[in-house]
Amino acid sequence: MSDSPAVTAHNPELRHHFADMAQQKDAASLGMWLFLVTEIMFFGGMFCAYLIYRLQHFNDFAAASQSLDITLGAINTAVLIGSSLTVVLAVNAAQRGKRKLLVFYLVATIVLGCTFLGIKAKEYTQKFEEHHVPGPTFHFIPTRMAGHPEQPPIDERHAEMFFSLYFVMTGMHAVHMIIGVGLFSVLTFQSWKGRYSAGYYTPIENAGLYWHFVDVVWIYLFPLLYLISLHG
Amino acid sequence: MATATLPVTERENYLNKEYGIRSWLFTIDHKRIALLYLLSVTFFFFIGGLFALLIRLELLTPAGDLVQADTYNKLFTMHGMVMVFFFLIPVVPATLGNFLVPIMIGAKDLAFPRINLMSWYLYVIGGILIMHCMLTGGVDTGWTFYTPYSTAFTNTKIIEAGLAVFVAGFSSIFTGLNFIVTVHRMRAPGMTWGRLPLFIWANYATSIIMILGTPVVAITIILVAAERLFHLGIFDPKLGGDPLLFQHLFWFYSHPAVYIMILPSMGIISEIITCFSRKRIFGYKFVALSSVAIAVLGFLVWAHHMFVAGMSVYAALIFSFLSYMVAVPSAIKVFNWTATMYKGSISYTTPMLYAFGFLGLFTIGGLTGLFLASLGIDVHVTDTYFVVAHFHYIMVGGVLMGYLGGMHFWWPKISGRMYPEGWGRLAALIVFIGFNLTFFPQFILGYVGMPRRYWQYSPEFQVLNVLSTAGSTILGVGYLLPMIYFLWSMRYGKQAPDNPWNAAGLEWKTSSPPTTFNFDETPVVDFEAYDYENIKDTDDDGGAH
Ligand SMILES: [Cu+2]
């Protein structure tokens with residue numbers, strides 16, 4: 001296992017089948033990027049369904065979108081962008097080998113991630129109380145849209161489809177957030193134990209990539225779901 | 001190798017390095033994982049085959065006498081689901097691909113050995129789910145899960161079957177991801193892209209489809225499950241949705257999935273034909289890049305499954321045209337294989353017989369695919385046995401011929417033993433005859449109007465159906481034979497030399513079977529692929545020339 005000629009062969013994190021740390025790091029990040037490509041295709045299926053139905057039933061979708069809480073959505077957007085910043089700072093701390101700083105930023109990321117999930121749970125509760133969750137108890141009365149006095153009548157079934165897509169898309173996004181928080185919890189523990197150093201921090205970097213991806217998905221979800229009526 | 005003179009049993013290799021069940025279930029050696037996959041896909045092949053046998057038995061007579069209509073629906077559904085998701089998709093990449101990809105490029109292992117093991121466990125979990133689903137009632141929608149039947153009407157176990165396919169899908173995503181990273185980052189010094197064996201190119205192209213297509217079917221399954229469980233309106237017209245959207249999403253994966261199945265087999269055929277023609281492949285670049293072209297074009301033709309489902313004429317025209325286009329790279333391969341054999345010194349070994357079989361069956365399957373890509377004929381034969389015959393020529397004729405050819409070709413490397421050549425040739429012949437007898441009559445049946453997926457039919461179709469059922473029995477024997485003599489050879493077969501076929505390629509430069517890290521030291525590649533002009537055909541080591 002230790003027959004590698006490279007000078008870095010003594011790094012205990014070097015796995016037997018790689019020649020050196022550089023090759024191992026290259027492989028890991030290429031793997032992560034490819035995984036994100038699969039994630040794009042995964043979310044792509046939902047975005048595709050959303051866009052088709054939104055084009056078909058624009059008025060109903062715009063009216064249904066009105067009932068979402070833009071303030072909470074905007075706060076959540078800010079929280080996520082903030083967490084992307086803390087992730088970058090965590091990777092930077094790892095690169096410089098600052099263990100305590102690394103742990104601090106990782107914990108900050110987890111806190112921000114949980115804040116997002118908490119606010120999301122509050123929004124879901126509101127929707128539940130307003131009977132906007134699709135199913136037998138669903139009903140929807142549109143609020144008057146400002147600047148649209150001649151508003152056409154709303155097809156409740158299509159509003160229900162909007163909420164179906166809203167719950168599936170934000171739900172899948174939330175699942176990815178939960179996985180991310182779990183990932184960072186493990187990394188925080190390992191960082192506290194001193195596993196990562198300036199010589200080896202690939203997992204931190206890759207988890208960071210994943211987290212940025214999940215943020216970017218939200219950056220698309222927010223305008224598509226919350227802000228439809230603002231440009232119609 | 002310095003140790004090549006010792007008898008196989010005394011040399012340390014990946015098989016005898018460790019013993020015991022734990023050394024297999026927790027292994028991260030790509031070769032052992034390949035064998036784990038080999039066992040599990042073979043198991044599902046026989047489960048799927050059992051369903052096929054029952055289907056053919058029911059169709060022996062025009063009356064619905066062996067099973068009821070509901071049971072028959074479940075039989076063809078479970079046959080399709082098991083064969084597609086648990087056999088055909090993983091069969092070559094996860095077994096031969098897993099075994100050979102690192103060795104052929106001179107690496108010690110795949111880039112992510114633990115993820116590789118996880119892929120196998122995901123496959124097993126998916127397999128257990130589908131078995132449980134079958135034993136507790138099964139599914140009757142056809143393997144295509146078409147909505148709204150699957151989401152609003154059937155009372156069979158859609159969710160569980162969907163979950164099984166979802167989990168197995170992630171197994172193939174991770175296999176594809178592992179292959180791509182390995183080919184990019186783990187090649188031995190001197191192993192340039194232009195020197196990669198064509199089997200590697202084929203698996204590389206397959207992996208691209210796996211990572212781009214599979215997530216789409218995964219999300220489609222989630223949407224089906226959400227509609228079924230929570231009445232979210234996405235595909236059901238009663239809830240405002242559009243069932244055509246389901247078909248688009250489903251075929252966006254499931255058409256390219258055909259190329260996940262066939263491309264690795266095409267890679268095998270390239271290896272076999274060059275070796276047993278003793279010639280360099282004709283047009284290396286064309287064969288290599290046609291794999292990539294198939295992977296790309298394969299994503300643009302899905303709607304040819306929906307010509308009669310309700311689509312604008314213009315869309316249908318475009319998809320018809322693109323479906324013709326995707327035949328071009330496949331034809332390039334067939335012509336180049338033929339040109340490779342031209343004036344070669346051909347030996348009729350078992351792998352080569354399978355390669356010949358592949359060429360014939362794939363050509364028939366491919367050309368009838370062009371019939372189906374043309375709008376007029378497609379309307380006439382949609383949902384008839386013509387379609388069934390067409391895709392079995394590709395998916396069974398093509399994929400399995402390639403797979404069996406590859407298994408015979410590399411068996412000496414995998415097991416360290418030779419298989420009995422005479423039995424091998426006999427089995428190849430039986431498979432070829434049995435296959436044609438089973439599926440050729442179905443072209444005629446479909447053309448004269450017998451619809452697929454019915455348990456009864458009008459009496460005038462009986463003669464051809466009896467022929468087909470008879471053929472399936474012969475085919476079954478043909479598939480059982482290799483199973484038996486492979487197992488036999490593991491104990492009684494002649495010990496295999498390192499390079500029994502005098503073949504080019506890194507896998508033949510290491511011992512049979514290889515050691516755990518494949519090579520004693522990382523090889524340096526200073527030769528082109530398939531350099532058969534410069535390999536002396538010494539024939540002193542027992543190859544069957
Ligand atoms: Cu197709």
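Which residue forms a salt bridge with A:Asp26? The partner is B:Arg185, and the closest N and O atoms are 3.9 Å apart. A salt bridge here is a side-chain nitrogen of Lys or Arg within 4 Å of a carboxyl oxygen of Asp or Glu. Across the interface of chain A and chain B, the rule finds one such bridge.

The model is predicted: local features need pLDDT of at least 70, side-chain atom pairs count only at pLDDT 80 or more, and totals for chains, interfaces and linings use all residues. Residues are numbered from 1 along each chain as its sequence is written, chains are lettered from A and ligands numbered from 1 in the order in which they are written, and side-chain values use heavy atoms, leaving out hydrogens and water.

The contact (heavy atoms within 4.5 Å) involves 32 residues from chain A and 41 residues from chain B. About 3,100 Å² is buried between the two chains, with carbon and sulfur atoms giving 74% of this area; buried area is the accessible area (1.4 Å probe) that two parts lose on being put together, summed over both. A:His17, A:Met41 and A:Phe42 supply 18% of the area that chain A buries against chain B, more than any other three residues.

Chain B also provides the protein donors of the copper ion, namely B:His255 (ND1), B:His304 (NE2) and B:His305 (NE2), at 1.8 to 2.0 Å from the metal. Donors are N, O and S atoms within 2.8 Å of the metal (3.2 Å for Na, K and Ca); water is not among the atoms, so sites may look incomplete. Along the chain, the donors follow the spacing H-x48-H-H.
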